[in-house]
Amino acid sequence: MCKTAREFVTGIGECVSEYETVLDGARKLAAFGVDALPICGEDRTVIGILSEADVVRVVAERRDPDSVRIGLLAHAVSVVDADAPIADVRSRMAERGIASAPVTDEGRLIGMLRRADLLDGSEGPVGEVRAIARV
């Protein structure tokens with residue numbers, strides 16, 4: 001039977017609010033040891049993704065990361081449906097060069113998939129899937 005993205009995600013995924021500052025987001029990235037977190041609206045719908053590159057860009061532009069709201073950085077993001085076949089997800093992420101993607105169920109965030117967790121080409125999980133517990 002074909003495994004789905006849902007089987008690679010454990011727990012409820014952490015996200016940053018569009019109203020938090022880039023500094024708040026950078027602290028969460030560091031605390032969780034990840035390079036990206038979804039940006040969520042109040043109902044946990046994914047509206048973008050905050051990456052380390054976004055944080056670096058804000059600093060490089062000499063903008064104050066403690067005053068720039070994360071929502072200003074939101075851009076289109078590839079979201080994975082929890083019931084999508086993992087083989088399709090793996091292919092899509094590889095084709096688009098996506099390192100991580102939010103996984104949603106009925107439009108709401110449930111966790112993240114990271115390309116590194118999907119690299120062996122099998123149907124099953126590769127090592128421990130990095131899901132971030134909601135704080």
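Just after helix 2, Arg62 has a positive phi of about 60 degrees; helices (H or I, at least four residues) and strands (E, at least two) are DSSP runs numbered from the N terminus. The model is predicted, so local features need pLDDT of at least 70 and side-chain atom pairs count only at pLDDT 80 or more, while totals for chains, interfaces and linings use all residues. Residues are numbered from 1 along each chain as its sequence is written, and side-chain values use heavy atoms, with hydrogens and water left out.

Helix 2 itself spans residues 52-60, where Asp54, Val55 and Val58 are buried (under 20% relative accessible area; exposed is over 50%, partly exposed in between; 1.4 Å probe, protein chains only). These residues cover an arc of only 100 degrees around the axis, which puts them on the same side of helix 2; the arc is that of the directions from the helix axis to the C-beta atoms. Val56 and Ala60, on the other side, are exposed.

The buried residues of helix 2 pack against helix 1 (22-32) and strand 3 (46-51), contact being heavy atoms within 4.5 Å. Strand 3 pairs with strand 2 (residues 36-40) in the antiparallel sense over 5 bridges; pairing requires at least two DSSP bridges between two strands. Leu37 stands opposite Leu50 in strand 3.

Glu14 and Lys28 meet at 3.5 Å, N to O. Glu14 lies in the segment before strand 1 and Lys28 in helix 1, so the pair ties together parts 14 residues apart in sequence.

Conventions. A salt bridge is a side-chain nitrogen of Lys or Arg within 4 Å of a carboxyl oxygen of Asp or Glu.
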